[in-house]
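Please read it alongside the sequence and the coordinates.

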Amino acid sequence: MDERIVPNKCGQPIPEWDSNHRLPIAGRVGPAMADDGTIFRVNSSYMDVSDEPFCGRQWISAATLVALAGCMVGLFFSMLPYLDNRLGPQDIGGSLTFLSVTVPAMFGFGYLAFRTGRDEFFSLTRRTIRFHRKEKKIFQIRRRRFFAKPGEGDICWEVPWSDRTIFCVHKGTKTTFTNYQIMGYVLDESGLVERAFAIGKDWPELPGLEYLLAQWNYYCAFMNDGPETLPSPMLYLSEKEDVRESFLHCMYEIDHSAGIVFRILFMPAILGLTCLRVLSLSTCRAPIWPDDVNRLCAVEASDVHAQPSGKTPIGWAATVLAKHRNEYPHFPRKEVIGWSGQSESKNAELWAEEVSPLNDVAPYPARAS
């Protein structure tokens, strides 16, 4: 569920389900710590993470082009009565009725194309979320700034890593599947949502909820204890995505563990989605951080935790090959020391209930779903 298509309205209380599933910034919400393919880079100062739409931007690109095609069809049919030279006075009523349908359809599709496409075409190749552990802040690139002043960079949010920012598990529906994602809410003084954002990716069904909880432990371990406590991420996402990388994004996004027969059958769809992703990225540029953020994020050359570096693989293609050569961990994860709760699957089942196992955390104002 893309946060930009179904946004959480600002000025409203946190949704009830989200409020009942708060994620503490101390972490320790499950027995495991692991990344599931959300990390661009990490060092002693900060960690760059993908936003939720990054993994599936090919689907949003497809929706944009379909909406644009609908707008053009509406425009054509809106002009059709005036292209007929035989249109007489007796036909005016019928043509107005016809226009009352086609014109709203044209504007509706046009609005949808703009809404879905403004962050996919002629925008940014990624909207990085930067966890800065030393400043105890999260910096987020939100949108391309087309007429930036020197040093201003792109539109960037600064979010405190504190109790003022409420992190929650958000539950939604994607086609026929239940999916979960990590949502962050910044509240104003009256306790209403001032800003809302999704972190990382969305995780489908109950097994996905297990990965989400392990992912949250990963982020919290970095912010609270530093990079030395972290297992390797699943992979380091490429910041300069080529066609091969786009193809693998689309293939693994459909089903990461699918067999060869499944992939052959779905290859036309995968290739089509790859074309859409490449088209979208070709119109975009890399994000530009504001100068004040860059100054805070200077990395020392001697930082032993700066990754990826040296022979560390970057992207799906290089990482899969490195795993085949046993040069990169196959399933990097780490147990949470001192965990005394349920096993990973049982713990996820408890989190999938209407109230999380951590309901002793003081709730925030909530609205009905």
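Two strands pair if DSSP finds at least two bridges between them. Helices (H or I, at least four residues) and strands (E, at least two) are DSSP runs, numbered from the N terminus. By these criteria, five strands form an open antiparallel sheet in the order β4-β5-β6-β7-β8.

The model is predicted, with local features needing pLDDT of at least 70 and side-chain atom pairs counting only at pLDDT 80 or more, while totals for chains, interfaces and linings use all residues. Residues are numbered from 1 along each chain as its sequence is written, and side-chain values use heavy atoms, with hydrogens and water left out.

**Overall**

- The secondary structure of the protein consists of ten helices and 13 strands.
- Of the 369 residues in the protein, 47% are buried; buried means under 20% relative accessible area, exposed over 50%, and partly exposed in between (1.4 Å probe, protein chains only).
- The protein has an accessible surface of about 18,500 Å², and carbon and sulfur atoms account for 61% of it. Accessible areas come from the Shrake-Rupley method with a 1.4 Å probe, and for residues only the protein chains shown count as cover.
- Among contacts (heavy atoms within 4.5 Å) in the protein with a separation of 6 or more, 74% are between residues 24 or more positions apart.

- Axes are lines fitted to C-alpha atoms, for helices over the stretch in contact, and angles run from 0 to 180 degrees between N-to-C directions.
- Strand β4 (residues 39-42) runs antiparallel to β5 and is joined to it by three bridges. The two strands form a hairpin with three residues between them, and V42 has M47 of β5 as its bridge partner.
- On to β6 (residues 129-132), β5 pairs in the antiparallel sense over four bridges, with H132 of β6 as the bridge partner of Y46.
- Strand β7 (residues 137-143) is antiparallel to β6, and four bridges join them. Here the bridge partner of H132 is K137 in β7.

**Cover on strand β5**

- In a regular strand the side chains alternate between the two faces of the sheet.
- Strand β5 (residues 46-49) is covered on both faces: Y46 and D48 are buried on one side, and M47 and V49 are buried on the other.
- Helix α4 (residues 205-225) lies across β4, β5, β6 and β7, and runs at about 155° to β5.

**Nonpolar cores**

- A nonpolar core is a set of buried Ala, Val, Leu, Ile, Met, Phe, Trp, Tyr and Cys residues joined through side-chain atoms within 4.5 Å.
- The largest such core has 39 residues, and L23, F131, I199, W216 and Y219 have the most contacts inside it. Helix α4 supplies the largest share of this core, ten residues.
- Leaving aside residues up to four places away in sequence, L23 touches V29, F167, C168, V169, I182, L213, W216 and W351.
- Another core, of 14 residues, lies apart from the largest one and includes F54, L235, L248 and Y252.

**Helix contacts**

- The axes of α4 and helix α10 (residues 344-351) come within 9 Å and cross at roughly 100°, so α4 is roughly perpendicular to α10. Angles under 35 degrees count as roughly parallel, over 145 as roughly antiparallel, 65 to 115 as roughly perpendicular and the rest as oblique.
- On the α4 side this contact is made by L206, L209, E210, L213 and A214, and on the α10 side by E344, S345, N347, A348, E349 and W351.
- Helix α5 (residues 243-254) packs against helix α9 (residues 315-324) at an angle of about 75°, with their axes 7 Å apart, which means that α5 is roughly perpendicular to α9.
- R244, E245, L248, H249 and Y252 of α5 meet G315, W316, A317 and V320 of α9.
- In α9 the buried residues are G315, W316, A317, T319, A322 and K323, and the buried residues of α9 pack against α5.
- After α9 comes N326, with a positive phi near 60°.

**An exposed loop residue**

- I337 is in the loop between β12 (334-335) and α10, and is exposed, with a relative accessible area of 74%.
- The C-alpha atoms of I337 and A32 are 9.0 Å apart, although the residues are 305 apart along the chain.
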